[in-house]
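Subject: Structure for you to look at

Hi,

Here is the structure I promised to pass on. Please open it alongside this note.

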Amino acid sequence: MDESERDLLARLWEEHMRMPFPPNMRGREIEGEDMVYLDASIAIGVSSSLSEPFDVKRRDALLRCLAAVEKVLPSIDDEGGAIERYERLREMAALAVGIGDADPRRRPVVG
């Protein structure tokens with residue numbers, strides 16, 4: 001049986017939570033992106049997408065993060081598993097956006 005996208009996202013999220021943050025990424029900027037902030041921003045979007053309906057604001061924020069992680073990935077060295085971590089973040093962000101886009105409960109931001 002194939003794993004559903006939501007199940008895959010939940011599994012990747014669990015793996016991500018067990019993975020230590022690469023020490024060489026603390027306090028580091030790559031291509032103008034703060035690596036801790038980028039990690040946390042994607043994590044917040046993914047975590048909330050697993051627990052509540054996806055709104056347009058959250059989708060747009062994750063799309064910005066997805067573009068940022070795509071931009072920085074070629075410049076990340078693999079010390080401390082950094083490449084694996086940011087590739088997983090990229091995959092989770094893309095899955096969350098795709099799941100949110102397909103969710104009929106997705107609601108527009110009001111106000």
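Below is what turned up, starting with the overall layout and ending with two single residues.

First, the ground rules. This is a predicted model: local features need pLDDT of at least 70, side-chain atom pairs count only at pLDDT 80 or more, and totals for chains, interfaces and linings use all residues. Residues are numbered from 1 along each chain as its sequence is written, and side-chain values use heavy atoms, with hydrogens and water left out.

**Layout**

The protein chain has four helices and two strands. Both kinds of element are DSSP runs numbered from the N terminus: helices are H or I with at least four residues, strands are E with at least two. Reading from the N terminus, the order is α-β-β-α-α-α. The chain has 111 residues, and 41% of them count as buried. Buried means under 20% relative accessible area, exposed over 50%, and partly exposed in between (1.4 Å probe, protein chains only). Take the contacts with a separation of 6 or more: 76% of them join residues 24 or more positions apart. A contact here is heavy atoms within 4.5 Å.

**Helix 2 against helix 3**

Axes are lines fitted to C-alpha atoms, for helices over the stretch in contact, and angles run from 0 to 180 degrees between N-to-C directions. The crossing of helix 2 and helix 3 is left-handed. That label applies if the near helix is turned anticlockwise from the far one by less than a right angle; clockwise is right-handed. Helix 2 contributes M35, L38, S41, I42, G45, V46 and S48 to the contact, and helix 3 contributes R58, L62, C65, A68, V69 and V72. By type, these residues are nine nonpolar, three polar and one charged. Nonpolar covers Ala, Val, Leu, Ile, Met, Phe, Trp, Tyr, Cys and Pro; charged covers Asp, Glu, Lys and Arg; the others, Gly among them, are polar.

**Helix 1 against helix 2**

Helix 1 (residues 5-18) and helix 2 have axes that come within 11 Å and cross at roughly 135°. This pair also crosses left-handed. From helix 1, R6, L9, A10, W13 and H16 meet D39, A43, V46, S47, S49 and L50 of helix 2.

**Core**

The largest nonpolar core holds 30 residues, and M25, M35, L38, I42, I76 and Y86 touch the most other members. Such a core is a set of buried Ala, Val, Leu, Ile, Met, Phe, Trp, Tyr and Cys residues joined through side-chain atoms within 4.5 Å. Helix 4 gives the largest share, nine residues. Leaving out residues up to four places away in sequence, L38 touches C65, A68, V69, V72 and Y86.

**Two residues to check**

R88 sits in helix 4 (residues 82-102). R88 is buried, at 11% relative accessible area. Beyond its neighbours within four places in sequence, R88 contacts L12, E15, H16 and M19.

L66, in helix 3, is buried too, at 16%. Its C-alpha atom is 6.0 Å from that of R90, 24 residues apart along the chain.
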